[in-house]
Amino acid sequence: MTERQSIWVFIEQVDGRVADVSLELIGRARELADPLGYEVVGLLCGHEVEEAARDVIRHGADRVLLADDAELASYRTLPYARVAITEARRRQPEIFLVGGTPNGRDFAPRVASALRCGLTADCTDLQIGDYESRREGKTFRNLLFQIRPAFGGNLVATIVNPNSRPQMATVREGVMRMPASDASRTGVVEAVVPEFELGDFALEILSRQVRHSTVKLKDAPVIVAGGAGISDAEEFALLRDLANLLGGEVGASRAAVDAGWIGREHQVGQTGTTVRPRLYIAAGISGAIQHRAGMDQSSKIIAINTDPTAPMLQIAHYRIVGDVGEVLPMIIKALRERSMDHREETE
Amino acid sequence: MTDSRPIDIVVLAKQVPDTHNITGDVMTRDGTMNRGALSAIFNPEDLNALEMALQVKDRHGGTVTVITMGPPKAANILRESLWRGADRVILLTDRRFAGADTLATSFALQKAIEKIGRYDLVLAGRQAIDGDTAQVGPQTAEKLGIPQITYAESILEIADGRITAQRALDSGSEIVRCTMPCLLTVVGSANTPRPPSVRRQIARKLAATAGELAALRTQWPEFETQGALEAYLAAHDLEIPVWTADDIGVASESIGLAGSPTQVHRINFVVLESTESKTVQPTPEAIAAMVAELVHEYIVG
Ligand SMILES: Cc1cc2nc3c(=O)[nH]c(=O)nc-3n(C[C@H](O)[C@H](O)[C@H](O)COP(=O)(O)OP(=O)(O)OC[C@H]3O[C@@H](n4cnc5c(N)ncnc54)[C@H](O)[C@@H]3O)c2cc1C
């Protein structure tokens, strides 16, 4: 085949607005593609979403495969997967990246199973490299290195799919940086005609209730996060007070989410959101690698932990060995007093 | 009009290390994990899937069959399933299944479900806590050639060969209707799993796989021979069937490590980068000084 090799990104859109994670992945795909001379392709399904296709090109894609059909107006597994499976079989992309959103995590495994290719969930980094397979006694060039924390300790695994294509991976929002939009970029919007089969419409959406999430973890300048070291609802309320005082958001470890202190959309980490705030306060969070993966690029970290050996204390800029129930009120009090002093000064 | 037809359900379950109770003993000095020190539990959301299945059975009749693929000790979650109300359980175990990624896992599950034969619904937990991938459900659905409803929170109706369910999404919720058979992945907020019933636990305490017989007999010396124990289990429907790769008719190259397209290239130990850090005493004065510094550096305020 003489066609250029390509890296695909599944473009998620709601009412024509492209999801941030899709654009972040376009940005990373661009960086991976350039040294290899590959093409960056966005796969976009929807109805009357031409403008979204332009947006994808402005953020770095060379081509957008646009499947426009009334049946594709909102996400449904089978019609969307049909388009991806058909086009991937036809065009043989090398790499196919999907955002780790609820829809992306519904779509990617369905597509990977049909294409019989490997899929790695929740990568925290993607790179290109060579892989020497001892099993097969050969070296594979320019594979996608799918990097993610390994279960059990301070370990990071690099996963490869040497023999199957495309090499598929999902990545959560915020892991990759949003590329700048460049209005002068040009690219091709290529229409593809969906080839649905009858079974693709087995599921119908009867109704949908949209709850606009008010949680803006990714953009919050300050995040006050709590973990399993929080012992009751009252203590968790202190996190909210502190976050409000600092104009920030409340974050949480998976353990705190599982304990029911707060909703899943507040989870920071590999399988939650990746954040880079000015200040991250980790209260009663041990600092497991999956949690650190989502916050270790914060500019300043304050860790509060009763266990002096907790990994979170090791990566913190301010280490406080103490009880959250005592330390949080002290921080709140210090801030309140400062703002009162400040008011007196200005009055 | 609701269906009066009974509904046959297959539940997919996994035994996982209890990542919630990772204690100091579990971490070795070099920061790796001592897996033996972790207790193994029923994956939490798989319990929600089982509960959802049992509720359907309570309402419509039918059967609930639980399958798990795993090491021989995964029979523990199958016993637990029986105690909670499952009619039938199957252990898929074979050394050749080891090292499977999600694709190879879903292939084995597909073959096992097809061997069971008739089913209306397949229910699985949204994800397993040891990987959080949420891939096996959709991949199994694709392999079976049936639709999927991920993140199912409740079943609103089963009627005329179709199921209406509510999905929980980050951005709200969705009510969908789908033809059966189909596969649902169930979220933790769906229900509170019923506890094992004491009555069932007594009746099915001895449920065991063939591989567990020897160990079981040491606990129950009143069975004079292993044969006597075996006969008792058979007579009381207490044998947990074990299926191997051969039993479900899959070739070695499509399962386990060999059937997994993903390979681990390498595992790196992460060295914690100590930052330039300040130790702050948990006293009001020290904390106030830290706050002053943060304000001064325009980090806050
Ligand atoms: C596949 C996978 C994905 C995962 N993804 C994520 C993810 O995205 N995000 C995430 O956070 N986790 C994730 N985890 C879980 C992660 O491995 C840890 O289990 C989790 O982060 C632990 O949360 P924690 O620090 O709150 O709890 P623990 O590890 O139990 O730590 C609690 C800490 O609180 C301290 N403490 C106790 N009492 C007090 C007190 N009174 N005052 C102060 N400190 C106190 C303790 O010393 C301890 O350090 C994932 C795990 C897996 C296997």
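**Stop one: a strand in chain B**

Select β6(B): B:Leu121, B:Leu123 and B:Gly125 point one way, B:Val122 and B:Ala124 point the other way, and all are buried. Buried here means under 20% relative accessible area, with exposed over 50% and partly exposed in between (1.4 Å probe, protein chains only). Strands (E, at least two residues) and helices (H or I, at least four) are DSSP runs, numbered from the N terminus. In a regular strand, side chains alternate between the two faces of the sheet.

Before you move on, a word on ground rules: this is a predicted model, where local features need pLDDT of at least 70, side-chain atom pairs count only at pLDDT 80 or more, and totals for chains, interfaces and linings use all residues. Residues are numbered from 1 along each chain as its sequence is written, chains are lettered from A and ligands numbered from 1 in the order in which they are written, and side-chain values use heavy atoms, leaving out hydrogens and water.

Back to the strand: five of the five residues of β6 (residues 121–125) of chain B are buried, so it is largely enclosed by the rest of the structure.

Now show its partners; two strands pair if DSSP finds at least two bridges between them. β1 (residues 7–13) of chain B runs parallel to β6(B), joined by four bridges. Five bridges join β6(B) to β10 (residues 182–186) of chain B, also running parallel. Click on B:Ala124: B:Leu12 has it as bridge partner, and B:Thr185 in β10(B) stands opposite B:Ala124.

**Stop two: salt bridges**

Which residue does A:Lys218 form a salt bridge with? Select A:Glu24, where the closest N and O atoms are 2.9 Å apart. A:Lys218 lies in the loop between β13 (203–210) and β14 (222–226) of chain A and A:Glu24 in helix α1 (residues 20–33), so the pair ties together parts 194 residues apart in sequence. A:Lys218 is partly exposed at 22% relative accessible area, while A:Glu24 is buried at 2%.

Finish with a group selection: A:Glu39, A:Arg63, A:Glu87, A:Arg90, A:Arg91, A:Glu190 and A:Glu195 are linked in a salt-bridge network.

Definitions and conventions. Salt bridge = Lys/Arg side-chain N within 4 Å of Asp/Glu carboxyl O.
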